Amino acid sequence: MPSLKEIKNRLTSVNSTRKITSAMKMVASSKLHHAQQMIENTLPYETMLEHILKTFLASEADASTVFNVERPVKRVALVVYASNSSLCGGFNANVIRLLQHIVDEYSESLGGKDNIVVYPIGRKVAEKAAKMGLHVAGDFTCLAEKPNVKQCIEIAREIGQKFVSGEIDRVEMVYHHFKSAGSQILTRKTFLPIDITEELKRDRTRDLNSTVTSKEAQEYLKKNASTEERKAEENVRPLNDNFIVEPDMYTVLSQLIPKYLHLMLYTALLDSIASEHAARMVAMQTATDNADEILRELNLQYNKSRQQAITNELLDIVGGSVNN
């Protein structure tokens, strides 16, 4: 049985760890709120761009550009989103596991890793890609900390130019889609060639107003939010769909689809950052709860040991007085 001093030292150690995990949870919660606001700020642009594309596709059934041409896959690019730091549960491990699966899949069909190039956004995935012997297109670790629209556009343009020139035949994205603070979905999505019809049908529902992580609280918020959403839909005014297309549909789509690709890359980055902070918040909350449980057990053990020591001393005193 450990001594009172050993139990007391462990109590101090666990209590210090609990303070750290609790503080990290609060920091992650604050960063998550900021990340949710960044996603919300992009929604008006995303909504309008999607609306225009849907309108064009509805009026031009066979609308196509160079970006949605399917061809035999000989060289693949992977845009993979992870984080720069740890302590976020299985966030990075899940991304790396899916990356390994995709690489194994393409290595078998393409005859090796030489025809796979990775655009790693986040230090963890960059390190893993280097260990796997994959060709890394550059250093994009800063994006995982500070999302930059300009740099995302540059990456999208570089990938788009390589796709158009035939250097790359297929581009895929791996990231966590942020639905709510308690739900982040690991997603594998084809970036190029783009199927714009399928892309516009994707589920984009998000809870950007809450940092609650429990399932019960999420369900309660969804029920309350549904009535407000119905009221908002009743007050929505229909947009004017009478667009004048100049000079022709192909030229307009050739301008709009690259913009949509830029948006896809940037939105995936914001989703990944928000998912990272949500995962870290959950991990730190779990660690704090575990520390509280250990503290309760140690306090109980300390009190029992202390009571046992007092009882032994009393027995020694009583025994000594009887002998005298």
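## Overall fold

The protein's secondary structure amounts to 8 helices and 5 strands. Please keep in mind that this is a predicted model.

The protein has 324 residues, and 40% of them are buried. Its accessible surface is about 18400 Å², and carbon and sulfur atoms account for 52% of that surface.

## A nonpolar patch

Which residues make a nonpolar surface patch of about 250 Å²? They are Val66, Val164 and Tyr250.

You can find Val164 in helix H5, which covers residues 149–165. Val164 counts as partly exposed because its relative accessibility is 43%, and partly exposed residues lie between the 20% limit for buried and the 50% limit for exposed.

Next, look at the loop between strand S1 (76–81) and helix H2 (91–110), where Gly90 is located. Gly90 has 33% relative accessibility, so this residue is also classed as partly exposed.

Gly90 and Ala279 are 189 residues apart along the chain. In the model, their C-alpha atoms are separated by 7.9 Å.

Terms used:
Residues numbered from 1 in each chain as written. Predicted model: local features only at pLDDT ≥ 70, side-chain atom pairs only at ≥ 80, totals over all residues. Heavy atoms only, no water. Helix = DSSP H or I, 4+ residues; strand = E, 2+ residues; numbered from the N terminus. Buried < 20%, exposed > 50% of the residue type's maximum accessible area, 1.4 Å probe, protein only. Areas by Shrake-Rupley, 256 points an atom, 1.4 Å probe, with all protein chains shown as cover. Patch = residues over 30% accessible without salt bridge, like charges linked within 9 Å, V, L, I, M, F, W, Y side chains within 5 Å. Salt bridge = Lys/Arg side-chain N within 4 Å of Asp/Glu carboxyl O.
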